[in-house]
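Subject: Structure handover and notes

Dear colleague,

I am passing on the structure below, together with notes on what was found in it. Please read them with the sequence and the structure side by side.

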Amino acid sequence: MPHTPRPSTVLTVNIGRAMPSAHTDCPAGTGIDKRPVDRPVRVAAPGPKGRAGSGLAGDSVCDLRHHGGDDQAVYAYAREDLNVWERELARELANGAFGENLTTSGIDVNGALVGERWRVGSELLLEVTSPRIPCRTFAGWLGERGWLKRFTQAAVPGAYLRVIEPGEIRSGDSVEIVHRPDHEVTVEFLFRAETTERELLPRVLAAGDALHPEVRKTALKYRSAKAS
């Protein structure tokens, strides 16, 4: 029998409420504890980083210095990768356990290209911008020894996305890749360039305007320093 590709879907839409944490210096705490919701959620561009948080209505992003804003409006992580981590860590990881807004199935999140566009449900259009860089709050939340190093070495960071067309989504919605740009800069490639293989940074500029502005600035600075 011919192989039938598995449909790409959002298994769950996850939102979080602010809670105190000893692993952040943000007075508002953290919104990393994301839980699946069984209702439609409105998703829209939240506004500039530093002043705006999550793109999902009702979802808390507390430390606006490092999280949230238009270019990090939505965070997606694949259930397939959570399953691998479950085996590695010998513990259960519920949907939302990594603080992701969308737990997906059937889509290669880390192989997604920067600038790739996803139609989620019938209305929402998202664009891949950058990988998640692990932080102290994430490490504290997971409670795993050496987590930042382990997560970085695995290079399966999940993807941040910006909102191109707003809309309502809910658990079970389909995900369709409607645009895939012509360059090499995947989420995994960009993650390695930002973390363990800095020499790759000049090559990420091939992603053009779809790059997160902060990443573009870093890559240009690196290229200039190498040229001088």
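I begin with Asn110, which sits in the loop between strand E5 (102–105) and strand E6 (117–120); helices (H or I, at least four residues) and strands (E, at least two) are DSSP runs, numbered from the N terminus. This is a predicted model, in which local features need pLDDT of at least 70 and side-chain atom pairs count only at pLDDT 80 or more, while totals for chains, interfaces and linings use all residues. Residues are numbered from 1 along each chain as its sequence is written, and side-chain values use heavy atoms, with hydrogens and water left out.

Asn110 has a relative accessible area of 4% and is therefore buried (buried means under 20% relative accessible area, exposed over 50%, and partly exposed in between, with a 1.4 Å probe and protein chains only). Its side chain is joined to that of Asp81 by a polar contact of 2.9 Å, and a polar atom of the Asn110 side chain also lies 2.9 Å from the backbone nitrogen of Gly158. A polar contact here is a pair of N or O atoms within 3.5 Å; within protein, one must be able to donate a hydrogen and the other to accept it, and residues adjacent in sequence count only if both atoms are side-chain atoms. Leaving aside residues up to four places away in sequence, Asn110 touches Asp81, Val156, Pro157, Gly158, Thr186, Val187 and Glu188, where contact means heavy atoms within 4.5 Å.

Next comes helix H3 (residues 147–154), in which Trp147, Phe151 and Thr152 are buried. They cover an arc of only 125° around the axis, which puts them on the same side of H3; the arc is that of the directions from the helix axis to the C-beta atoms. Lys149 and Gln153, on the other side of H3, are exposed. The cover over the buried residues of H3 includes strand E4 (74–78), helix H1 (79–89), helix H2 (136–142) and helix H4 (187–194).

Finally, a search of the whole structure finds 14 salt bridges, a salt bridge being a side-chain nitrogen of Lys or Arg within 4 Å of a carboxyl oxygen of Asp or Glu. In one of them, Glu127 pairs with Arg117, with the closest N and O atoms 2.9 Å apart; this pair links distant parts of the chain, Glu127 in strand E7 (residues 124–131) and Arg117 in strand E6, 10 residues apart. Glu127 and Arg117 also belong to a network of salt bridges that links them with Asp71 and Arg162.

Arg119 forms a salt bridge with Glu165, whose closest N and O atoms are likewise 2.9 Å apart. Arg119 lies in strand E6 and Glu165 in strand E8, so this pair ties together parts that are 46 residues apart in sequence. By contrast, Arg192 and Glu188, which meet in a salt bridge of 3.9 Å, N to O, both lie in helix H4, 4 residues apart, about one turn of the helix.
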